[in-house]
Amino acid sequence: LHMGKTMKEDLTVVVKYIKQLYPPEFNVFGTYAELYHNYFASQAKKNAESHLEDKDVYLLLSWVHNIYPKDMRKDHVLAEELEKVKLGSLLPSSLSKELEKKYLDSEEATIKNSLSKCLDKEIQRWKEDEEPEKLNGHFQSELLAIFVIQSVYSGQKRAKEISVAVGEALSHRLSKELPAFLKSYKDAFEDFKEKSKKHRYYKPILIANINNCWNFRDYAEKNMAEKDEDKASILSTLGDIENSGFEVLLQQLFAQLKPIYKKFTENKWDSSNEIMNEIIKTTSKHISDFRTLKDPFYHAIVEKIHARLVKEYIVRLLKRKVSLKTPVQQQNLAQHISKNAADLEAFCTSNGSQATWLNSALPKLAEIIRLQDLGAIKIEVATLATTYPDIRKRHLEAFLYIKANLSRGELKSILGYLADSTASTPPGAPLFSNINVS
């Protein structure tokens, strides 16, 4: 710093007051500049060849790549004159590259080590079985994401301040660190999930970890290129953590709903309104616990519940337990299904489900049961297949068992129509593909 300040101040005096006292051919400024530069470069080389601490390596590289060429040589008073002198770099290229490698190795190891320690601390926190903090009503352990992201970001920023090339070199090295950290995080989360089920704050800790994913996801979305393989890896790992957490959070609810759904076919759908009310009441108790999830995750889990409620209802319709011979009986069942569908939609929507694609499944099935005209049934089946392209012949055949007044020929005609219209259609939003027909 002293040498740099002295060189800058002295050369400024040469430019302003001394240069004009000599004839141009004396090249007074060039002589001074070269002498100062050579001395400065010799001292820099001497330092570079001695044992340097990491901070000193960073400072020396900053002088070589940044402070000396930009702050000093681009100084508004000196720039024009220095341009004529063509001074070289403070360090020979080979020595500069050696220092850069030393810096990059050290910075990479430091960041790796701090991320590992950070994860160890987080795991220790889970083991203490204390309720996570809440921010805006959401369980969180945000220090993890903030620390990890800042460690990577600060490292990249410091390196870029040396030079663009050094910044890019470190970014390339660190590009694998976040995906690797998140894979370790996922493994630790899975381990906790399996071994800590009896913890008092088991579910709040799961929710806090799902919420943690948001900051990582947000960082990757905003700071990484769309086609970046590391971005895809990061988002995939985060998706695994989120879905793994959702699975555990929903286990108890789905287990409680199973016997309630069985009542539909056991009662031949006669008391379907009461059964649907029981389903809604049971689900409602669980949904209130999920409000501690951040909004995107709350909506995601509610949509999973919505999909499951619709799917389980369809499963009961495909069980071949009810076979109705008269149009009146069929219309009566269609009314029950329509009412249940409306109640289900109202409940899910009021709790924040945005899965509107699910809303037409049950009404369309109810309409197929209600209709008696073969042409009208075919049109409704075609509409159903367009909306839910993953419906297959086996699903429709099981469902049409309800309509016992269809002849074999009519049944074949309807099924053939479906097979044609869904021959090569890939499933958009999967609903029926998750349903096995026995």
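Me: Which domains is the protein divided into?
Reply: There's domain 1 (1-91), domain 2 (100-242) and domain 3 (268-418). Keep in mind that the model is predicted.

Me: What separates the centres of domain 2 and domain 3?
Reply: Going by C-alpha atoms, the centres of domain 2 and domain 3 are 42 Å apart. Domain 2 puts 12 residues into the contact and domain 3 puts in 8 residues.

Me: And how much area is buried between domain 2 and domain 3?
Reply: About 900 Å², with carbon and sulfur atoms giving 65% of that.

Me: Which element gives the most to the side of domain 2 that touches domain 3?
Reply: Helix 9 does, with 6 residues. Helix 9 (202-223) and strand 2 (138-140) each supply at least two residues of that side. By class, that side of domain 2 has 5 nonpolar, 4 polar and 3 charged residues.

Me: New topic: asparagine 340. Is it buried or exposed?
Reply: Asparagine 340 is buried, because its relative accessible area is 0%, and the cut-off for buried is under 20%. Asparagine 340 is found in helix 13 (residues 327-350).

Me: What does the asparagine 340 side chain join up with?
Reply: The side chain of tyrosine 313, through a polar contact of 2.6 Å. Setting aside neighbours within four places in sequence, asparagine 340 is in contact with Tyr313, Phe264, Ser272, Asn273 and Met276.

Me: What about valine 310, where does that lie?
Reply: Valine 310 lies in helix 12 (residues 295-317). With a relative accessible area of 2%, valine 310 is buried too.

Me: And what does valine 310 touch?
Reply: Not counting residues up to four places away in sequence, valine 310 touches Leu344, Leu358, Ala361, Leu362 and Leu431. Take leucine 344: valine 310 and leucine 344 are 34 residues apart in sequence, and their C-alpha atoms are 8.1 Å apart in space.

Me: OK, salt bridges. How many in the whole structure?
Reply: A search finds 26 salt bridges. One of the pairs is aspartate 230 with lysine 176, where the closest N and O atoms are 2.9 Å apart.

Me: Where do aspartate 230 and lysine 176 lie?
Reply: Aspartate 230 lies in helix 10 (residues 229-266), and lysine 176 is in the loop between helix 7 (164-174) and helix 8 (177-195), so the pair ties together parts that are 54 residues apart in sequence. Aspartate 230 counts as buried at 8% relative accessibility, while lysine 176 counts as partly exposed at 48%.

Me: What about lysine 193 and glutamate 190, how many residues apart are they?
Reply: They are 3 residues apart in helix 8, which means about one helical turn separates them. Lysine 193 is buried, with a relative accessible area of 6%, and glutamate 190 is partly exposed at 24% relative accessibility.

Me: Which residues do salt bridges that share partners join into one network?
Reply: Lys101, Asp105, Glu108 and Arg173.

Definitions and conventions
Residues numbered from 1 in each chain as written. Predicted model: local features only at pLDDT ≥ 70, side-chain atom pairs only at ≥ 80, totals over all residues. Heavy atoms only, no water. Helix = DSSP H or I, 4+ residues; strand = E, 2+ residues; numbered from the N terminus. Buried < 20%, exposed > 50% of the residue type's maximum accessible area, 1.4 Å probe, protein only. Contact = heavy atoms within 4.5 Å. Domains from an automatic or database assignment. Buried area = accessible area lost by both parts, 1.4 Å probe. Nonpolar A, V, L, I, M, F, W, Y, C, P; charged D, E, K, R; others polar. Polar contact = N/O pair within 3.5 Å; in protein donor to acceptor, adjacent residues only side chain to side chain. Salt bridge = Lys/Arg side-chain N within 4 Å of Asp/Glu carboxyl O.
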